Amino acid sequence: MSNLKKKAVYEETVVHEPRVFVYVGPSIKGGITNGSIFAGTRKTVLAQLRPVIDKCPKIERFIVADRDVSETKKKIKEGNNGWSAAYRELLSDLQGGIKNA
């Protein structure tokens, strides 16, 4: 199976199967805390978090499937990749509006 096909199958599984999701972004006072755990399909978890996502849409990227938590946290810490850049950008946005907890 090609990597592209594996990725498509993986994404389809993560979106539609009930599982555990974890927020790996920075804590937002009155919103969401790093390490928060949610159960359900990705769609139901995002619906549950809609009020917070509406205030700060970039946090949606940081709600990851349980099996991706370790790798995602590693990439955020390593730097020089999309995850660390998105994390820094979110922190910057938070300083301008919703305060980091």
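In what order do the elements of the chain run from the N terminus on? They go α-β-β-α-α-β-α-α, and the views below zoom in on parts of that chain. This is a predicted model, where local features need pLDDT of at least 70, side-chain atom pairs count only at pLDDT 80 or more, and totals for chains, interfaces and linings use all residues. Residues are numbered from 1 along each chain as its sequence is written, and side-chain values use heavy atoms, with hydrogens and water left out.

**View 1. The whole chain, with its five helices and three strands.** Helices (H or I, at least four residues) and strands (E, at least two) are DSSP runs, numbered from the N terminus. Of the 101 residues in the chain, 35% are buried; here buried means under 20% relative accessible area, exposed means over 50%, and partly exposed is in between (1.4 Å probe, protein chains only). Take the contacts (heavy atoms within 4.5 Å) with a separation of 6 or more: residues 24 or more positions apart account for 51% of them.

**View 2. Helix α4 (residues 69-78) packed on helix α5 (residues 82-96).** Two packed helices are described by the angle between their axes and the distance between the axes. For this pair the angle is about 70° and the axes are 7 Å apart. The axes are lines fitted to C-alpha atoms, for helices over the stretch in contact, with angles running from 0 to 180 degrees between N-to-C directions. That makes α4 and α5 roughly perpendicular to each other (65 to 115 degrees; under 35 is roughly parallel, over 145 roughly antiparallel, and the rest oblique). On the α4 side the contact is made by T72, K75 and I76, and on the α5 side by W83, S84 and Y87.

**View 3. Helix α5 and its two sides.** With 15 residues, α5 reaches 21 Å from its first C-alpha to its last, close to the 21 Å expected at 1.5 Å a residue (the expected span is 1.5 Å times one less than the number of residues). W83, S84, A86, L90 and L94 are buried in α5. Seen down the axis of α5, they fall within an arc of 160°, so they line one face of the helix; the arc is that of the directions from the helix axis to the C-beta atoms. R88, Q95 and G96, on the other side of α5, are exposed. The cover over the buried residues of α5 includes β1 (19-23), β3 (63-65) and α4.

**View 4. Helix α4, from its buried side to its exposed face.** V69, T72 and I76 are the buried residues of α4. Their arc around the axis is only 70°, which puts them on the same side of α4. Among the elements covering the buried residues of α4 are β1, β3 and α5. Just after α4, G79 takes a positive phi of about 85°.

**View 5. S84, a residue of helix α5.** Buried or exposed? At 3% relative accessibility, S84 counts as buried. Leaving out residues up to four places away in sequence, S84 touches K75, I76 and G79.

**View 6. G31, in the loop between β1 and β2 (37-40).** G31 has 34% relative accessibility, so G31 counts as partly exposed. G31 and V52 are 21 residues apart in sequence, yet C-alpha to C-alpha they are 5.8 Å apart in space.
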